[in-house]
Protein chains: 4
Amino acid sequence: MSQSLVARSLKKMQGLWIKSSQHPRPLDAAALQKIREQLRECARGAGGEVSARQRARRLGESYLKLDAAGRCAFLRLIATEFGPDPAKVAAAHAHYQDVLGTPEQWNAEARLWSALRSPRTRILTQFNALPQGVRFLVDLRVDLLCFVQEDPELASLDRELEHSLAIWFDVGFLELRRITWHSPAALLEKLIQYEAVHTIHSWTDLKNRLDSDRRCYGFFHPRMPDEPLIFVEVALTDHLADNVQTLLDEHAPVFDTRSADTAIFYSISNTQHGLRGVSFGNFLLKRVIEDLQRDFPQLKHFSTLSPLPLLRRWADKTPEAWQQAFQPANLARISKLAQCPPDVAGMQALLADPIWMTNTRLSRALQTPLTRMAAHYLLSASAGEKRLHDPVARFHLGNGARVERLNFLADTSAKGLQQSFGMMVNYLYKPDDIEENVERLLSTGKIAASSSVRMFNAEDKGR
Amino acid sequence: MSQSLVARSLKKMQGLWIKSSQHPRPLDAAALQKIREQLRECARGAGGEVSARQRARRLGESYLKLDAAGRCAFLRLIATEFGPDPAKVAAAHAHYQDVLGTPEQWNAEARLWSALRSPRTRILTQFNALPQGVRFLVDLRVDLLCFVQEDPELASLDRELEHSLAIWFDVGFLELRRITWHSPAALLEKLIQYEAVHTIHSWTDLKNRLDSDRRCYGFFHPRMPDEPLIFVEVALTDHLADNVQTLLDEHAPVFDTRSADTAIFYSISNTQHGLRGVSFGNFLLKRVIEDLQRDFPQLKHFSTLSPLPLLRRWADKTPEAWQQAFQPANLARISKLAQCPPDVAGMQALLADPIWMTNTRLSRALQTPLTRMAAHYLLSASAGEKRLHDPVARFHLGNGARVERLNFLADTSAKGLQQSFGMMVNYLYKPDDIEENVERLLSTGKIAASSSVRMFNAEDKGR
Amino acid sequence: MSQSLVARSLKKMQGLWIKSSQHPRPLDAAALQKIREQLRECARGAGGEVSARQRARRLGESYLKLDAAGRCAFLRLIATEFGPDPAKVAAAHAHYQDVLGTPEQWNAEARLWSALRSPRTRILTQFNALPQGVRFLVDLRVDLLCFVQEDPELASLDRELEHSLAIWFDVGFLELRRITWHSPAALLEKLIQYEAVHTIHSWTDLKNRLDSDRRCYGFFHPRMPDEPLIFVEVALTDHLADNVQTLLDEHAPVFDTRSADTAIFYSISNTQHGLRGVSFGNFLLKRVIEDLQRDFPQLKHFSTLSPLPLLRRWADKTPEAWQQAFQPANLARISKLAQCPPDVAGMQALLADPIWMTNTRLSRALQTPLTRMAAHYLLSASAGEKRLHDPVARFHLGNGARVERLNFLADTSAKGLQQSFGMMVNYLYKPDDIEENVERLLSTGKIAASSSVRMFNAEDKGR
Amino acid sequence: MSQSLVARSLKKMQGLWIKSSQHPRPLDAAALQKIREQLRECARGAGGEVSARQRARRLGESYLKLDAAGRCAFLRLIATEFGPDPAKVAAAHAHYQDVLGTPEQWNAEARLWSALRSPRTRILTQFNALPQGVRFLVDLRVDLLCFVQEDPELASLDRELEHSLAIWFDVGFLELRRITWHSPAALLEKLIQYEAVHTIHSWTDLKNRLDSDRRCYGFFHPRMPDEPLIFVEVALTDHLADNVQTLLDEHAPVFDTRSADTAIFYSISNTQHGLRGVSFGNFLLKRVIEDLQRDFPQLKHFSTLSPLPLLRRWADKTPEAWQQAFQPANLARISKLAQCPPDVAGMQALLADPIWMTNTRLSRALQTPLTRMAAHYLLSASAGEKRLHDPVARFHLGNGARVERLNFLADTSAKGLQQSFGMMVNYLYKPDDIEENVERLLSTGKIAASSSVRMFNAEDKGR
């Protein structure tokens, strides 16, 4: 991979290696040869298991000191020189096909499998001997995901690492923990760093999110005790929250949880890019709902207050969405109030500048069209498209929630206005409907939604 | 598998299922069909990940209630109906071989791997959702190891389970813990139950083994916190211990560890039959030695006092061993003292009854021949045989120890006299020689031994 | 105190010092003089607080090595030479009485108090600097309680130590902990050692008492984490238990706690003789009932199954008790069955040998008289006597329980037959009546009892 | 106490009660009478120990809701109506004096002590039954210390509470804990709040003080696990630090502790005003030094970098201090540079405005006079004055440190310049000299100081 490709990758990956070493070093040919030899000793298990692992540990330490190109070369070495032997694979495969249907089939299958298992996994696993070995492998995967985009030779290595990580991080090994103001500062600091939905601005903001009317939960792995793998922030309220700024207001009085009947999941953040492909978010919500039900038996509703992160981007690429959302009466009224042309281009120009939000009458006129557009965005996939546009919708609908309500002017932060014209959505989890919703989505592609949301979309259709 | 085969297997496996359910039930055809359908739903992920796992959990609970034949049928169902699709494997393999040497090779390899990965592993992993899921899978493997002996169709399933267990129980995830008299009684009870070398007779015996001149360490997995996977018992002394009854004497005064220069590993027990093939014993000793060196910097020698569990069995099958061990002068002296024929048959008859031990002069006459026989037994593998006879020797020599000393009348328990005529051996761990010893054993098959032990064997040769 | 007095005391105290040092040393005059000087330095705080405490620590270590006479001399030294200065006390008292009624009174009171506070407490407190300092002071009190019986000079010192211990061991500082089979063996071993009511015969017996249909709770002090100060054993049942051997039967099946409606406190043991006068048993029961109610909301009855430890001793000193218990018809029937004289002496002779228990008809004939005697024993204090005979009754009635039922042949152990002719009693805790029961007992001396128990006593009266 | 007095007190005490209740209530005569009755029931133990404590708990909760005057009245009620009975005290005292010298003396002493022990302590102790009872009593003492300044009737009550607190908070019960960035945020937040010497400005500042070249330790009580009672901040360096701004610079690189030979205690904060009179600071330093020596065996010097908090205040009241510090040559030079009158008044005017610090030549001219003044301030107590002026000096010299070096422009914060013209001092702890230094200070009043510091003072004397 050329340096420029590496540079391109690095821009995308937000650079693990930059953090790992202050002065990363290049990898010259001699050093590469030395690493090749050490890897061979590792793979062969020279000097016994214990020594092999110590050797792997030293190799891992070398890796951390390399620059991006060096790391990429290092990984390519493992990927290409420590893979399975094609001749052995061919032989094992031939035997397997030969004995199909005989009792020997099962041994032959196991042998084919062995032929295909390469020293790569063994080498990767042995890096585990580093202090914080699991952390190291998760971070290594971040590098790998970055390099593999430009360098397909790494594909097999990435799959093997993902496979091992998926076994290690099986949800059966994860621990649900409440995160509170009594948690270690070193852990709370990571919430600030990892929160991906609604930025945590300060320790005071964080403390407010851990107050008595809030809950925060994370999944942890026993070998990464100070790293939440994923975490969710919950507000306890007595209504279906429709505005995230209100929820996050540090000066709002603390809600008396004795009258809470609703739990709002207002932020869910995956923290480990290196665990891409390993899913546990669905289990998190299930476990959190159980925990909340035990502590607050009076809770009746479990809902999110979620962003629509790609709404504007989708709209920009979908001219007919504007047509459907802005009906003639809407265009007329808005153009009058905003003194702009009564057409789609006029609407787009108007919405490009968040100033529209400050005009109450104009806002009111925009509410229906924007809600309609959001409904279209969320529900249109059901009309034949394969995949939901929205990653957040994909997550919650795939977990069995339904689209409950669309909220206008619900996220008035710069980011909220930019991404989705300030729109947000509540996904509702009704424990009894979850399995059916998932099943229907998988088999028919039909999206569960409340009738009120459906209406906004139906209007479009009926026009 | 017929009921009689199952019965045979069960005798060997010391029956997990007997413990799991007091009234095991058979599995009839209708129930089997129902399980088949549930497994299909599981494998397909119907209703989403969370539901699939709950289904697997219920399946796992059903499994535990079955009798042996029922369990075997259940496992065979998974093994034979949820394996890879041979046609897909063939196609993926053909593509892989086609593109060898092109950049596509690596993707093709990953795809072949995917084709070979079967729903079996997914099903097994999902059993993890049971409370104590890891414990369940380890115990399931005990069943599987039992059934697979008679039923080769289970071979692939066993390999897949072993593979997953090997990843989960990678030594990087294990925790070294000291076990003391302050450990939970529920844990200590398991030492009594699992101790495989020198039976623990009572809680008083156990307490004595945890006294201030003793150490006990185990490896634990974070998800089986009350189960040592392997444990080692250590005595701190000022000499190379040569008798295990002395070591275990409850009435012996406690040794003042300030004058200790030697650590004797006198018992190492693997506890989980279901983890066969997953090794961590070598790491245990390494970590224990490090821990001891930190706490007792004055320690100089690290040695075992180990049994020779198969000495008599080997001797019974090796007539020339008797010839070499009992030289004419020995035969003459012994036959005179014991009034038995001066030949091998006489010696065998004499040693069949432990009464010989009570005659001091006779004992003394037997010391050299028996020591010679033990040296022969331990060292003869180096003369060309592939594999060491003795499993304990295999473990310690494979870890880099050397045979240091043979001890006569070192284990005078019934078991000790029966297995090895009362002989025991010290394997010595010299930190600086370990890697070289391992390397030499692997490459040349040469066994490391002290000159004194070597002499006993050399004499034989030179005769 | 003469050596013979010490010896007498030691017999009573079951000898702390014997355990503390294997070779206790006497204290000669020179050593005593040296200790006197060190105590003076301690009391004066020479070299600062930190040094004073180190000195105290060394003094404490010396104490532990002394024999009984030496320890007694050591304590007498503190008691008599480090008390308050009578002249200063007199002056402070005079001033206090002078200024009574003026604002100066309160300062004067504080000053009188200071004059009376002696260096003794300071010295005692400083022993706290020993490792396990609290443990040391509790054990020191055991010595002191032993010596003070013969040596009134130690009275003040004992009161001061009791005062400090009462503050340290205030119930607000104690922690209620469940004791289970997962507790440290070192702690469970102490249950075996301390159980004072129904001896624990083995680890199997202990494990049975910690099974899923049992609960065990103790109060712990944060600085003696492995020592229960008091503990109670509870059985969950569906009836008011009437026989302790049945409760303790290791072979009885485990009761399914889902159908439990009754908790039986069948054994309560204080463990620390050195905390005599510091009470927390009443708080223990209250806290345990709360904990049980939380875990088993269906529990309705909280009762003990208690011994009558002094019944026979009381009966032996109370001839009229026999008269009342054995009415002529009883005497006639019993003498016929047992072929003994039909009088009190005959009854006493008969009951001296536990053989009577094996004769069913004889047992049945003895039931009413013995129950009557037990009722008389428990309830007679209300007829004007100041203090209840029975220490266990004192505890439970003082806590607000009532005498619920008398159980014949309820403890057929040798000890049970010897102490109380096999009789036991259920004290019942009705949460709503507790305060009233306590109040009535304190103000009127009236003992709360069920009508059935009362009847057994009423019959006597009405005869 | 009149409302105005209460108000005055409150200004001093920084108001516990304000925090305890948002809407404090007054206490009217009827409510006071009701409290009186409840206190009597408490003191009498009506309904048993358990009920008495529950009653006390409710009383404690009432207390927290009162306003300042109400609380004062509540406490005065306990102080004046639940004290000892003077007549009983007189009788017990008469008996005590009568039997002096007889064996009865010791019982009589104990009885006098009992007569003097009042129900007050019992009442106070029972407040312990509140959740966080210890915390409550420590806070109650804050109130009491405030009220007692104006209301001498509370003196005895305060002494009794102090006595109980001193026993509970005996250093033997305290736990030394390291405080790190992994400590709970709720605890770290308290460091920010309690730091009394060098304000912690932000979480980043705090994190910097817990970095790898820093240590922070606190003493904790088992019943107040989230409250450090006192804490010390330590910097590891390779020299005797002379400037606190440098030490606290968040942008300074982290020091590599492998080359550390010096530990600088740069901030010690007591946190609980309610524990006034209960000392543990000296033990803290001793324990911290031990801990540091274990972790960093190469440390050679243990020193503080301490403020001189009352230097300017003392100088303002001590005209001769200026005379001695500013000798004619100094005055001349300074007046020339600063264009101010060459006399004491001129110097005082000059130093009133921190602007002098920015003029390098002027600063240099002020160094000697200000150092001389600081030396005079610290050491002059030895010239016959009873008590050291400086509370920080009192603490460290009383612990056995010596005055090692005076540092000019060492604390250039506004507070540092205001309090002490920017001067700071190093107190040095030489483990071997500690006891002798304490002893000499106590017996002769002589202050330990290095010769260089002594010289600055000697010059003054010799002038």
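Predicted model: local features only at pLDDT ≥ 70, side-chain atom pairs only at ≥ 80, totals over all residues.
The secondary structure of chain A consists of 23 helices and 8 strands. The C-alpha trace of chain A extends over about 80 × 50 × 50 Å along its principal axes. Chain A has 463 residues, of which 45% are buried. When contacts in chain A between residues at least 6 apart in sequence are considered, 73% of them connect residues at least 24 apart.

Two pairs of copies were examined by superposition. In general, two copies of a chain are related by a rotation about an axis together with a shift along that axis. The same surface serves both copies, since 100% of the contact residues of chain C recur in chain B. The contact involves 8 residues of chain C and 8 residues of chain B. On the side of chain C that touches chain B, helix α11 (residues 185–194) of chain C gives the most, with 3 residues. By class, that side of chain C comprises 6 nonpolar and 2 polar residues, with no charged residues.

For chain D on chain C, the superposing rotation is 180 degrees, with 0.0 Å of shift along its axis and an RMSD of 0.1 Å. The same surface again serves both copies, with 96% of the contact residues of chain D recurring in chain C. Here 50 residues of chain D are in contact with 48 residues of chain C. Elements giving two or more residues to the side of chain D that touches chain C are α4 (49–65), α6 (86–98), α7 (104–116), α9 (133–148), α10 (155–168), α14 (281–295) and α22 (434–444) of chain D. Of these, α7(D) supplies the largest share, 7 residues. The side of chain D that touches chain C is made up of 23 nonpolar, 18 polar and 9 charged residues.

Within chain C, a helix pair was characterised by its geometry. Packed helices are described by the angle between their axes and the distance between the axes. The axes of helix α3 (residues 29–44) of chain C and helix α4 (residues 49–65) of chain C come within 9 Å and cross at roughly 150 degrees. The crossing angle therefore makes α3(C) roughly antiparallel to α4(C). The crossing of α3(C) with α4(C) is left-handed. From α3(C), the residues I35(C), Q38(C), L39(C), E41(C) and C42(C) meet A52(C), R55(C), A56(C), L59(C) and S62(C) of α4(C). The contact between α3(C) and α4(C) contains 6 nonpolar, 2 polar and 2 charged residues.

Elsewhere in chain C, helix α20 (residues 391–398) has A393(C), F395(C), H396(C) and L397(C) as its buried residues. These buried residues of α20(C) pack against helices α14 (281–295), α19 (360–379) and α22 (434–444), and against strands β5 (301–304), β6 (306–307) and β8 (424–429), of chain C. Just after α20(C), G400(C) adopts a positive phi of about 100 degrees.

Key:
Residues numbered from 1 in each chain as written. Chains lettered and ligands numbered in written order. Contact = placed C-beta atoms within 7 Å. Helix = DSSP H or I, 4+ residues; strand = E, 2+ residues; numbered from the N terminus. Buried ≥ 20, exposed ≤ 12 C-beta atoms within 10 Å, placed from the backbone. Axes fitted to C-alpha atoms, helices over the stretch in contact; angles between N-to-C directions. Parallel < 35°, antiparallel > 145°, perpendicular 65-115°, else oblique. Left-handed = near helix turned anticlockwise from the far one by under 90°. Nonpolar A, V, L, I, M, F, W, Y, C, P; charged D, E, K, R; others polar. Least-squares fit on C-alpha atoms with pLDDT ≥ 70 in both.
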